[in-house]
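Here is a short briefing to keep beside you while you look through the model. Have the sequence and the 3D view ready to follow along.

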Amino acid sequence: MGRDKGKQGAVDQNKKQRIRNPLWRPVCTQAGSSEECSVKELHVEYENDDSEKSKVINQAHEVHFAISTSVSNIEEPNSCIYGNNENRTIEEGSLLSAEKHSTSIEVAASLIRFIRGKGGSTQKRIEEELGVKIIFPSSRKEDFIIIEGSSAESLARAADKVQVILDEAVKSPSLDYSHFISLPLAIHPELVDKLVNFQNSILGISNDNLASVSNGDASDDDEDVNHQSDRRSSSVAVGLKVEDANQHVKVHISDIPLTSYPPRASTSSSLSDLGIDKSIFIKPRTFHLTILMLKLWNKERIDAATEVLKNVYAKVVDTLGSRPVRIRLKGLDCMRGSLAKARVLYAPVEEIGSEDRLIGACQVIIDAYVEAGLVLEKDANHRLKLHATVMNARHRKRKTGMRKFDSFDARDIIKKYGAEEWGEYLIREAHLSQRFMFDENGYYHCCASIPFPETMAED
């Protein structure tokens, strides 16, 4: 009985010492990212020695982006508060650290590199300064970054810093174009086939036709491999015929005259010396004419660009006189640099009929985008020159240890294809195309399009 009274006294003493024990009850939390809540309330109940409960509501700062919250490792009140106080101490800070907050911010693919910074320096600075984690999209199809942190305040500050970076990036001349207005030519299968043959011919052309680096003809891959194998081998095969199979024959290799042959230069090494590789060729299924380049870094600008193209349709058809327009592609020419140091090789475009209806229609589209404020000033004053690019050194994919080429030698290509007849083709439509994204047919992703007349309008 005395022992029971002692235990009861200890309980009473613990009750007196338990003045303010926090009991956390999250009201608005999220286990997943599908739901959104811009304001979160966290109710905290306190117990005093009079057994009265008072509630304190902690309301997070309201922000303009979606915030999701998840609370992990929260135990039942009885196990936390009324458990063994000698082995378990509950502090306010330990429960706060269990909260996880996240927010998503829309960022165009062309702007991601500005948030990363050189070598990831900008990202690292934000993460270390604010104690957050920035997660980038895994593909260009996603246009959101995710910021995770321990508090809504840290997320808000991180989001502000990201917004400042984006505001500066869209004004930067180093921001790459994300979209463009195109006239697809890859919709003509016969033209695609000609481009494929052109590329295969250049990449597999013999050395004596491409560059004067060898007097011999290039052979196929199998023969090249065998030839190189023969050169590396130090053994000599000699056929001898004797009448008596029991007799032995001695052959002195030094007595056999050796003939030296000039090494056969490979096509691939010659192409590399000329700065030519497959990556600088335009993909045949993306072949097109470019009307206008655009920088559309968010959904609002993309939607606005889509509406502009749709609204200008009637004026474009009127400029074309409601008649089909055809072009002729003939020859090749160099746009930048000399033929020895070419940067862009293209097929000149000629409108059949010499009425300049196509140029007029393209100018109508350009003017509409300029009026909508979607075109940079330097691009608005740019003189339009329709051309069909077939090779561009800017597209080069460099490998580790590879020499840097800003140009390529196009002299022998021009000699062979300078007067090439690529054919005549109908211009069927204009697209708002997205760079670096492709549809199932292999052409650039189409955000919007308008058709061109394909038949003569009836009176």
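**Cores, a helix pair and one threonine**

Setting aside residues up to four places away in sequence, Phe287 touches Pro184, Leu185, Ala186, Leu191, Leu195, Ile282, Leu329, Ala388, Thr389, Val390 and Tyr443. Please keep in mind that this is a predicted model.

**Nonpolar cores**

- The largest nonpolar core has 67 residues, and Phe287 is one of those that touch the most other members, along with Phe198, Leu332, Leu345, Tyr369, Met391 and Phe452.
- Helix H13 (residues 357–371) gives the most to this core, contributing 8 residues.
- You will also find a second, separate core of 24 residues, with Ile147, Leu155, Val162 and Trp297 among them.

**Helices H5 and H6**

- Helix H5 (residues 121–130) packs with helix H6 (residues 152–169) at an angle of about 155°, and their axes are 10 Å apart.
- Because angles over 145 degrees count as roughly antiparallel, H5 is roughly antiparallel to H6.
- H5 and H6 have a right-handed crossing.
- On the H5 side, the contact is made by Thr122, Ile126, Glu129 and Leu130, while H6 brings Ser154, Arg157, Ala158, Lys161 and Ile165.
- By type, the residues of this H5–H6 contact are 4 nonpolar, 2 polar and 3 charged.

**Thr306**

- Where does Thr306 lie? Thr306 is part of helix H11 (residues 299–311).
- With a relative accessible area of 12%, Thr306 is buried, because buried means under 20%.
- Beyond its neighbours within four places in sequence, Thr306 is in contact with Leu432, Cys447 and Ala448.

Terms used
Residues numbered from 1 in each chain as written. Predicted model: local features only at pLDDT ≥ 70, side-chain atom pairs only at ≥ 80, totals over all residues. Heavy atoms only, no water. Axes fitted to C-alpha atoms, helices over the stretch in contact; angles between N-to-C directions. Helix = DSSP H or I, 4+ residues; strand = E, 2+ residues; numbered from the N terminus. Parallel < 35°, antiparallel > 145°, perpendicular 65-115°, else oblique. Left-handed = near helix turned anticlockwise from the far one by under 90°. Contact = heavy atoms within 4.5 Å. Nonpolar A, V, L, I, M, F, W, Y, C, P; charged D, E, K, R; others polar. Core = buried A, V, L, I, M, F, W, Y, C linked by side-chain atoms within 4.5 Å. Buried < 20%, exposed > 50% of the residue type's maximum accessible area, 1.4 Å probe, protein only.
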